[in-house]
Each structure stands twice: as C-alpha cells, then as structure tokens.
Amino acid sequence: MAAIPRLSAMVIVAGLAWGGNCVAAQREHSEFEVVLEAPGRLAAGGTASELPVRMHFTLPAALGRKVGWRLELVDPAGKTVRLWRGAATTRGGAATVGIACCSPLPAGVYQWRLRAEAGSGRGREVIRQRWDVALGGPAALAMPAFSPLPTLRAPRRASASPPAAGDLPYTVYYGNLHSQTSHSDGGGALDHCSGAQEPQSAPFGPEDAYDYARRHGLDFLMTSEHNHMYDGSEGSNPSADPARATGLYHSGISAAAAYTAAHPDFLAIYGMEWGVISGGGHLNILNSPELLGWERNGSSALLADTATAKGDYGALYTLMRERGWLGQFNHPKDNQFRAGGSNLGYTEDGDAAMALCEVMNSNAFSVNTSETESRRSNFEDACQRLLEAGYHVAFASNQDNHCANWGMSYTNRTAVLIPEASALTATTFLDAVRARRVFATMDKQAQIILTANGRLMGERFSNSGPLTLDVRHASAGGKQVAALAIIEGVPGRPNSASPLPGAAASTTITPTPGEHLLYARITQDDGTLLWSAPVWVSQQAPPP
C-alpha cells in the first residue's frame, strides 16, 4: 500500500483571530475555536505555491499557546489521500495555518477531516470538523424529478392545481436564527466592526436588524441577545437598574411584534442567547416572554424577570419545558451543555424543550455583505452526539452576526416548512419547529426533503418491515447533487452515527428492532451542503 503523502504547512498569520477584520475575542467569546477557510470547490490541478486552505485557531490563555492539529483529505471511497499535521503557536490568542492543495487528484467529492486539540489533563479540549469539497468537476448523481416547494418569493401560481395526493403542501421560508444587536454585544457599524461590541454600545438595535434582513431577502430573523448583558456589562454591574434591564428585554419583544405587524411578509423574532461559553455553552430560547438570568446588582437585586442558576442546564431545561419554550443549541462542542452528570447530557425535559442544533455557522464577526464569507465552522459531530444522547433536534444553519450585516455574510439559512394554507406567523413558525419541519442549507436557493415510508422528516413513528428513505433536492440556482449520504444512528448509543453504505435518492433498508434516527446530507456540485431533519423510527420485531 502506497504511503499517504504528508505535506507541508505554513503558519501565515499569528496574533489575529480569523483574519484581518477581527481582533482578539472579548471574554464572552474567549474559547477554543477552529475555523476552516476553504472553498467548497477546488480545481483538480494546482501548484505548491497556492494556499487555498487556511485553519484559524483562537485559544484562551487558560489553555496555553499551543494547538495540535491534524487535517486529512479523504477521497470518495473513504481513503485518506492527503495528510497534514502540526502544532501552531498562538500570539495574542490566535494563529492561522495555511496549506497547499490539491494536485494531482482525480475529480470527485472529497472530505476535509480536521482535528485540533489544546490544553492538557482534564482541561484538554478537542474539536473535530468535517467539510465536503468538490474537487474538479464531480459527476452529478441521478436524482428523481422534484418540483421545488413554493417559497415566499416563488409562490405556487394561483392557476396551478392544488398539491396532489402524496405531494407536500408546504411553503419553505428561509431565515437566520442567531444574531445580536445593540441590546447586547452586536449591532456594530460595518466600517469599524472588528468583533463583539462592548455591551449596549453599538448604534444598531433590533428594528435595524429586522429591516436590514427583510430588505435583503430573508423571511425571518431572530435577534438573540446575551441574557447576562442586559445590565450593560459582560460581568456584573453593581449600579445596574433591574427595571431598566428587564424593560430593555420587553422592549425588544414589543419591537419584534410591531415590526411583524407592519410587515406581514416578514417574521421578526426576539429572544435570548442563554449561558456563557466558559464551562457552559450558548443556547437560544426562541419564545420566552421572560428575561432569565443570574446577575445581581450591588443591592443583590436580580437583573432579570426570573432567576436561573448560571450553568445549570438541567434546571433550565425543566423551566423551559414547564413554560412551553423552545430552544436551539448554538455552536455546540463536546465539553458543553452538561446535564444529568455528563457533557451534552440528555434529560427528558431537555428533549422536550430543545428542538434545533446549529450544524454550521458563518463567521460571527464578518463584515461581508455579499454573501461570500469563506470562514465557517461545522458542528455536525457535536449535533450527532446530541442525537445519539437521545435529543430530537433538527439542524439549523445560522450566522451569529455581531456586525450590521444580519443574514448577509453568507448564503446559509435555516429553512422551515409552513402549511401552504397558513401564513408565516410566530404561531405557525413555532409549530413548524416543534414538528422539526426544518432543514439547514448553505445555499438559500436549494431545498432538501427526506421522507421515510411517506412520513416527513421530523416525525417519530413505529415501523415494521422495510423502510424506504426518499431524498428530494431542488435548486433554483441550477446546482446538481454531487454526493448524498444518509446517516443512521441509535439514540442512547454513543458513536453509533454513520453513513448507510450505498445510499441513493431512494434507499430501502430493514432496520434492526429498536430505536433509530436517520437524516440525509447532500453535497452540491459547488461544495455547499444541505442537511435534512432526522426521522426517528421505532422498528418493531417481525411477528413470530
């Protein structure tokens, strides 16, 4: 067997986090992070002088200055054909490593597999990411004809027949469920936004965000403000006024309702991003009328409507379930969301409350307004761990905008399916999220639909005998499917998620008796990805 080429890498930037337009992260965003900057499509030929791929590392001081990393390029058959490894030394908390790729290799859909680690002992952290890349001109997969579901901007024609039996009577709406404004550490002016803003210091608030997103073609936007910054600080402000803190949160809810009422073609959503990065994890609460928090002023007055213990995710999940609130895991990592005695830990209350998991984000501090941001992070591995733990979450793809470019740094979107007979409202949106009628896409003009024996993605059902999985794809931009994977896992069984061998647009299997989850991932011919929501199947044993 021929040896795998181990190729050289070069540290090309140090002291800048994620490139020239971002300074060292502030405390709330001080965590071990890895961003892979790579085009979704590469020419099959290249020269050693090219550096088309970069890895950006940010590292808090508590984890030291060294990042060990390993990057593989895996061919369509699953064989590692290129391997790079090394150690980066950060300066100012950050470093960037560039590599040359990828000649000579045949055309096809390959996959980057990145592993990075920092720290030692119990403080050691590991990050894993996987990204598909179209090398050369991969052949398009055969896909059945599928008329795209109507959208707000491409509705079903009035003269068209109603959906036939077996068709899906839904409209697809595209938006962004993760962004900040001047109510916390976002809303920075594009001409000098270089990272998270000092809390409540930026010029642009929720109304500005909603108007920008609507004018730029989004159907919905959530401004998700950090719940512990309503006192105007990242820590605890001893002089903070509780009435002002809670009043600011309630004003955001009122602003979203007023904007939606004035613009019925758009859904403005206001909520909070609860938690802290260090020893915790961020999650969005989509529909809470109450500000939750743990910060108190110098008089011990709570700077929130309802007290929640910092870092106590189990208690938070219980409260969310009692109140009927829905949540989204934001940029999850393996060492976060500790509940039930383990990281990414499962609880029944958490399963009832948490509906979404961010599978990818574009750069949180991007000032790009042409939807071409190349710095992105992938969280599919952590989302799989949550699914394996037992959570029933669908995938979301957001932008975590901190600068005034809400939804416009890249083409990625979270998409929801709303019944055609209904308008997009807060109620119909939340109903869709509860039903997990959601898909994540890096291409705002594309659709992915998974059904299992005719049951729509997001459903939970019992099955006996064969299970036919049908994957449908549509692209208003003319993109073709270059690769398709159907991932199967077992709730309650760690590390069980893996692709079904030989999966196609229509695949029939007979699962073993027990619980199963299955979802589809499509790679388009430009390297962009789409993720369906899972289906959850309780396979019954055949009769004796």
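Q: How many disulfides does a search of the whole structure find?
A: A disulfide is a covalent bond between the sulfur atoms of two cysteines. Over the whole structure, the number of disulfides found is two.

Q: How many residues apart in sequence are the parts that Cys193 and Cys403 tie together?
A: Cys193 lies in the loop between strand S10 (170–176) and helix H1 (206–215), and Cys403 in the loop between strand S19 (394–398) and strand S20 (413–419). The pair therefore ties together parts whose separation in sequence is 210 residues.

Q: Why is the disulfide of Cys193 and Cys403 assigned its handedness?
A: The assignment rests on the torsion about the S-S bond of Cys193 and Cys403. That torsion is about -75°, so the disulfide is left-handed.

Q: Is Cys403 buried or exposed?
A: Burial requires a relative accessible area under 20%. For Cys403 the relative accessible area is 0%, so Cys403 is buried.

Q: Which residues of H2 meet H1?
A: The axes of H1 and helix H2 (residues 242–262) come within 10 Å and cross at roughly 35°, and the crossing is right-handed. On the H1 side the contact involves Glu207, Tyr210, Asp211 and Arg214. By class, the contact has four nonpolar, no polar and three charged residues. From H2, the residues that take part are Ala255, Ala256 and Tyr259.

Q: How many contacts beyond near neighbours in sequence does the stretch of residues 46–50 have in the model?
A: The protein chain averages a pLDDT of 91, and 91% of the residues score at least 70. Over residues 5–26, however, the pLDDT is below 50, although this stretch has 66 contacts beyond near neighbours in sequence. Where pLDDT is low, the predicted coordinates should not be read in detail. Residues 46–50 also have a pLDDT below 50, and their contacts beyond near neighbours in sequence number five.

Methods:
Residues numbered from 1 in each chain as written. Predicted model: local features only at pLDDT ≥ 70, side-chain atom pairs only at ≥ 80, totals over all residues. Heavy atoms only, no water. Disulfide = S-S within 2.5 Å. Helix = DSSP H or I, 4+ residues; strand = E, 2+ residues; numbered from the N terminus. Buried < 20%, exposed > 50% of the residue type's maximum accessible area, 1.4 Å probe, protein only. pLDDT = per-residue confidence, 0-100. Contact = heavy atoms within 4.5 Å. Axes fitted to C-alpha atoms, helices over the stretch in contact; angles between N-to-C directions. Left-handed = near helix turned anticlockwise from the far one by under 90°. Nonpolar A, V, L, I, M, F, W, Y, C, P; charged D, E, K, R; others polar.
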